[in-house]
Amino acid sequence: MIDSTYVVSLAAYNRWQNENLFGCAAALSDADRKLDCGAFFKSIHHTLNHILWADETWMSRFTLSAPPATPHSESQFLHEDWSTLRAARTKLDDTMEAWAATVDPAWLARSSTGRWTRSNGFLVAHMFNHQTHHRGQVHALLTAAGASPSDTDLLKLP
């Protein structure tokens, strides 16, 4: 389904887009980042929290590390402090890129059994797709708030 190059490329894309969106969001006030705009997770801040929570959850499954203690139903409240959220995102992006560099084809082809029984490659593709889905929401919320996030097209990955 996917190969190691895909994983490395999407980990780099993940960082690039997080730097883009977090950079734009940092220019807003805390109140503007947390303003309920009617999105699924209500606000920019809470949607970014959910993305981080989901990435931490998937990475815990892929690396057999501890998952977030916060339950899914509270994922949008993972870090209420902006600086803490941003630092946690940067740290996880470092972890994801280092992990991506170690992924091999045999691991991608193996199936994982848990809530879903799918190949690891399928689950990795899901993780990156989930990020893209919610980052699109954040991009729209930032644009509506007057920010100017850059393009999200994968083809424009530096």
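Mentor: We shall discuss a pair of helices and then some aromatic rings in this predicted model.

Trainee: How are two packed helices described?

Mentor: One gives the angle between their axes and the distance between the axes. Here the axes of helix α1 (residues 4-26) and helix α6 (residues 120-144) come within 11 Å and cross at roughly 20°. Angles under 35 degrees count as roughly parallel, so α1 is roughly parallel to α6. The crossing in which α1 passes α6 is left-handed.

Trainee: Which residues of α1 and α6 make the contact?

Mentor: On α1 they include Y6, L10, Y13, Q17 and L21, and on α6 they include V124, F128, R135 and L142. By class, this contact of α1 with α6 has 13 nonpolar, six polar and one charged residues.

Trainee: How is a pair of aromatic rings described?

Mentor: One states the distance of the centres and the angle of the planes. The count of aromatic pairs in this model comes to eight. For Y6 and F128, the ring centres are 6.3 Å apart and the planes stand at 75°, so the pair is edge-to-face. Y6 lies in helix α1 and F128 in helix α6, 122 residues apart, and the pair thus links distant parts of the chain.

Trainee: Is F128 buried or exposed?

Mentor: F128 counts as buried, because its relative accessibility is 1%, whereas Y6, at 28%, counts as partly exposed.

Trainee: What is the geometry of the pair formed by F40 and F41?

Mentor: That pair is edge-to-face, with 4.9 Å centre to centre and 80° between the planes. F40 is exposed, with a relative accessible area of 64%, while F41 is buried, with 8%.

Notes
Residues numbered from 1 in each chain as written. Predicted model: local features only at pLDDT ≥ 70, side-chain atom pairs only at ≥ 80, totals over all residues. Heavy atoms only, no water. Axes fitted to C-alpha atoms, helices over the stretch in contact; angles between N-to-C directions. Helix = DSSP H or I, 4+ residues; strand = E, 2+ residues; numbered from the N terminus. Parallel < 35°, antiparallel > 145°, perpendicular 65-115°, else oblique. Left-handed = near helix turned anticlockwise from the far one by under 90°. Contact = heavy atoms within 4.5 Å. Nonpolar A, V, L, I, M, F, W, Y, C, P; charged D, E, K, R; others polar. Phe/Tyr/Trp six-rings, centres within 6.5 Å; stacked < 30°, edge-to-face > 60°. Buried < 20%, exposed > 50% of the residue type's maximum accessible area, 1.4 Å probe, protein only.
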